[in-house]
Amino acid sequence: MSEEVLKLSELQLDALKEVGNVGAGNAATALSQIINRKIDMTVPKVCILPLGEVPDVVGGPDTMVAGVYLRVFGPAPGSILFLLPRESAFYLVDTLMGRPDRESNTLDEMDQSALLEIGNILAGAYLNSLSYFTKFTLLPSIPALAMDMAGAILSVILIQLGQMGDHALVIETEFTTEADGVKGHFFLIPDPGSLGTILAAIGVKV
Amino acid sequence: MAELIKVGMADYKVGSNPASLISYGLGSCVGIALYDPVTKIGGLAHIMLPDSTQARSSDNPAKFADTCLPIMLEDMLKGGAAKKRITAKIAGGAQMFTFANATDIMRVGERNSEAVRVVLKQLDLRMVAEDTGGNYGRTVELNLTNGIFRIKTIDKGEKEL
């Protein structure tokens with residue numbers, strides 16, 4: 001069994017964490033400017049998990065979340081997934097739209113469009129960091145949105161990884177606002193072949 | 001309170017009355033419930049991909065439709081189930097995100113459902129009900145007392161197969 005992700009050294013994981021750190025910092029700044037609130041982020045976690053355990057990171061496979069999904073194109077293709085608990089998605093959209101009280105439990109077309117745009121901006125901010133470190137031109141696809149169970153949404157990326165192995169490399173960051181507000185998880189999941197390309201470009205290829 | 005056995009992604013479990021088998025949050029994955037109504041032995045699989053021969057490497061046969069179903073069936077038969085009585089119900093295989101140009105990888109839900117139907121036929125198992133497709137997630141639960149396969153969704157309601 002020669003699964004690429006299981007052979008990563010401490011140094012390589014640290015390097016990926018640093019890329020994630022700068023990327024998440026950019027993304028947090030962008031998000032903070034959009035909603036005009038202070039956003040805290042945790043130092044990204046880089047972990048290698050069995051595929052089935054990835055949904056537990058966001059509270060279990062039946063947790064209700066909104067997910068914005070983008071593909072990354074360029075020399076190191078991959079996927080980006082921004083997951084928010086449903087309440088956080090409502091808060092984010094309502095803050096952005098200047099709506100004090102939420103009346104319905106759904107997102108209308110305008111709300112969905114706003115969430116997609118937020119996903120787009122975050123992904124762009126994150127990819128800027130990755131491009132900076134790797135000197136690659138990395139471009140995001142048009143974003144797609146889904147509101148559903150975390151397991152169902154994550155299955156989209158896990159299935160892609162499942163074709164290559166049984167583990168996922170997850171670069172994960174958590175965002176929180178000072179008060180009640182937003183909590184979110186940002187996942188960068190390189191396509192299996194891309195990992196080596198990224199590591200070589202940032203100079204930690206074994 | 002009957003035992004509730006959880007089945008994770010790329011996993012399968014076999015159990016018997018009065019337990020229930022449950023798998024949470026299926027998206028493009030497919031849940032396959034096999035049940036023998038006489039011995040009340042059943043199995044629930046949560047497969048991720050259609051075909052093990054198209055994948056690079058795996059230690060886990062439960063990930064694929066073509067490798068998971070034969071071993072789950074084998075386990076049920078070892079437990080005393082009779083093949084001719086076993087019926088199959090399947091659910092899942094959704095496409096969670098819609099892109100303008102849906103590539104093959106985005107249509108994996110559809111391919112999963114199709115692969116499961118083919119493998120069931122190869123194993124000579126009778127499929128009696130299915131709830132597949134759509135763009136939403138499903139939680140599925142097989143009640144081993146009566147063989148009811150319950151499907152829960154966030155806002156598409158609940159149904160029993």
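Does Thr87(B) count as buried or exposed, and at what relative accessibility?

View 1. Thr87(B) counts as buried, at 15% relative accessibility (buried is under 20% relative accessible area, exposed over 50%, partly exposed in between, with a 1.4 Å probe and protein chains only). Thr87(B) sits in strand β6 of chain B, residues 87-92 (strands are DSSP E runs of at least two residues, helices H or I runs of at least four, numbered from the N terminus). Leaving out residues up to four places away in sequence, Thr87(B) touches Ala33(B), Leu34(B), Tyr35(B), Arg126(B) and Val128(B) (contact: heavy atoms within 4.5 Å).

**View 2. Crossing of helices α1(A) and α3(A).** Helix α1 (residues 10-35) and helix α3 (residues 109-134) of chain A cross at roughly 145°, and their axes come within 8 Å (axes are lines fitted to C-alpha atoms, for helices over the stretch in contact; angles run from 0 to 180 degrees between N-to-C directions). The contact includes Gly20(A), Ala27(A) and Leu31(A) of α1(A) and Leu122(A), Ala125(A) and Phe133(A) of α3(A). By class, it has 14 nonpolar, five polar and one charged residues.

**View 3. Packing of helices α2(A) and α3(A).** Helix α2 of chain A, residues 86-97, packs on α3(A) at about 100°, with the axes 10 Å apart. That makes α2(A) roughly perpendicular to α3(A) (65 to 115 degrees; under 35 is roughly parallel, over 145 roughly antiparallel, the rest oblique). Among the residues that meet are Leu92(A) and Leu96(A) in α2(A), and Ala114(A) and Ile118(A) in α3(A).

**Notes.** Residues are numbered from 1 along each chain as its sequence is written, and chains are lettered from A in the order in which they are written. In this predicted model, local features need pLDDT of at least 70 and side-chain atom pairs count only at pLDDT 80 or more, while totals for chains, interfaces and linings use all residues; side-chain values use heavy atoms, without hydrogens and water.

Technical notes. Ala, Val, Leu, Ile, Met, Phe, Trp, Tyr, Cys and Pro count as nonpolar, Asp, Glu, Lys and Arg as charged, and the others, Gly among them, as polar.
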